[in-house]
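Here are my notes on the model. Please read them with the structure open.

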Amino acid sequence: MNTPRTQSQGREFAGTPGRALSQHVIAEIRELPGRFPQPRSAVMPALDLAQEELGYLTPDAMTEVAEALNLDAGYVEGVATFYSLFHMQPIGKHRFYLCTNLSCTLRGANELVDHVKKAIGVSEPGELSKDGLFSYEGVECLGACEYAPMARLDHRYHYDLTAEKVDALIEERRSPRPHLTSPHGGEGPAARPARKPRAPRKKKADG
Amino acid sequence: MAELRGSHGEANGNVLTRHFGTRDLHKIDVYESKGGYTALRKALLEMEPAAITNEVKTSGLRGRGGAGFATGVKWSFIKRDTPEPKYVVINADESEPGTAKDRYILENSPHMVLEGIMIAAYAVGANQAWIYIRGEYDEPYRMLMEAIGEARDKGYLGPKPMGKDFPLDIRVYRGHGAYICGEETALLESLEGKRAQPRSRPPFPAVKGAWGRPTLLNNVETLATVPAIINMGGAEYAKLGTEKSPGTRLLTVSGNVKRPGVYEVELGATFRQVIFDLAGGPPDGRKVKVFWPGGSSAPVLPESMLDTTTDMEALAAAKSMGGSGGVIVMDDSHCVVRAAYRLLQFYAHESCGKCTPCRIGGDWAVRMYERVLANDGSQVELDNLRRVSDALQNGRCLCGLGDSAGWVIDSTFRHFYSEYEDHALRHECNAGKVMTSA
């Protein structure tokens, strides 16, 4: 896999030269195995933390996760590549996960996909918009069929989508008004992946 | 929360959804003001574990996740009085296309799910429960975490729930996007930190489940029904629905209907009632062409079979199944072949790759569909589709995913073969679209 080594961007924050993941993330990952009956169960929560820091999973990050959990790097990569919510490439700051399964397709999901492509200026799934902010992916049923067509964007479901609603979602994110920016995502448009772990959400990840 | 689309309120014998729509029902105080946690109190303080399991057996409740196995019987497979740790694992990895009812329950009444879990855990002697929730369910996850926090603060979860000397804990594990995790043994593999590939059975999870321990696996809706059964009594619950499929269940009605939603129906209602009376029927000027009665994996039924009833026996007789209760309705402006193609893409994409017929067969079928839909087809493609469909079914794979893919081909062939012939032999389509995935 030929992934660009953009993790160097992480250094300014992490203060750990030559490492993909910052010390505090590694420390958090080392604590995860104790929360499960068997330590191996920590692999996906650990990959979550890595992905939250970098925006996607680089080979180095997966290796560091493996080291922190005493697992084989190949094993960790094998798990990561099995699941569609782990990304091996940058996904931009906002990814539209557009449901394209039957219930949504019967209510215009394909037209919506075409519209999103045009609106963010990309020609295929996974491709980053020029400003690095957006990408999209057609996904399987997201379990909100009574609100079709729908999509997941920024950890929220968006219902009864129309071209106009999509435009509004994009516009809000291109020129965020101050009160709309999240505490950890307030820096302007940039291709930089989100770097700060969303600590409160993850802290509780194992209940 | 978004506008509620589906059953709520006291009407029509709503058992699960009776209090849905109540402001702040997700808060423990409101839930308790509506009678919440009385079933748990009764179970813990007044009932023997075996009596709880018997009550569920008496109710005739059948699993609402897809397979429809008798819930009480499943509970009785766990040997309660062994010293080793046991687990209850809740399948909240709802991802069967056309199914949104577990999300509906979790968003409306997370405490109802927790209460059901706690009762089940006590009945089978498990001190620890794990909810495996699909990763995309951000809002239900947040609500569950909040509800678990409230239940801990109240002492319902903890060393002595309601004063009973039986420690209880519930934790949540988030999935990461894999349809196959809805299959119970694949879910367990995933929970253990592995690629989600189904296990060979036996041993069954009741003997050797999560982390090698006896494990009860139930769907969200199944467990959410348990408090009602304890409250009203199994015999009373069994009066609802039909004799062999008692009770109510939540049907997600989606696709070409005027009022898509999650509707609670007494089993035995007809699909005509569900699709027309509850969901408003197809758009004006359109007719129902075909519907999937239980998620995309349930073999399709044509318009002429709208009077089929929703109980599992009637659906089996119609060569389909109740599955996950996802009723997908497609009107006559859409093409069955294209819809089947879209679903085959889904099954090919979601195959975990462990069993050869499913790993290879899905892709073969997709290629046949592509040729047919590109007006490049002939009888050869149709024959190949039939062959692939046969190869996917009848226990040739470890889990049901292969069967499901085969059933899509099989059932659309059974009811709509002329549309296939239109496409493959005459290179024409009698109706509309439903295009490929993007």
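1. Start with a term: domain bounds here come from an automatic or database domain assignment. For chain A, that assignment gives domain 1 (7-86) and domain 2 (94-177). The C-alpha centres of these two domains of chain A lie 28 Å apart.

2. Some ground rules. Residues are numbered from 1 along each chain as its sequence is written, and chains are lettered from A and ligands numbered from 1 in the order in which they are written. This is a predicted model, in which local features need pLDDT of at least 70, side-chain atom pairs count only at pLDDT 80 or more, and totals for chains, interfaces and linings use all residues.

3. Check the confidence. pLDDT is the predictor's confidence in each residue, from 0 to 100. Chain B has a mean pLDDT of 95, with 98% of its residues at 70 or more. Chain A averages 84, and 77% of its residues score at least 70. In chain A, pLDDT is below 50 over residues 1-15. It is also below 50 over residues 181-207 of chain A. Where pLDDT is low, the predicted coordinates should not be read in detail. For the complex, the predictor gives an ipTM of 0.94 and a pTM of 0.92.

4. Now the interface. Two residues are in contact if their C-beta atoms, placed from the backbone, lie within 7 Å. By that rule, 52 residues of chain B are in contact with 43 residues of chain A. Which element gives the largest share of chain B's side? Helix 13 of chain B does, with 5 residues. Helices (H or I, at least four residues) are DSSP runs, numbered from the N terminus.

Key: Helices (H or I, at least four residues) and strands (E, at least two) are DSSP runs, numbered from the N terminus.
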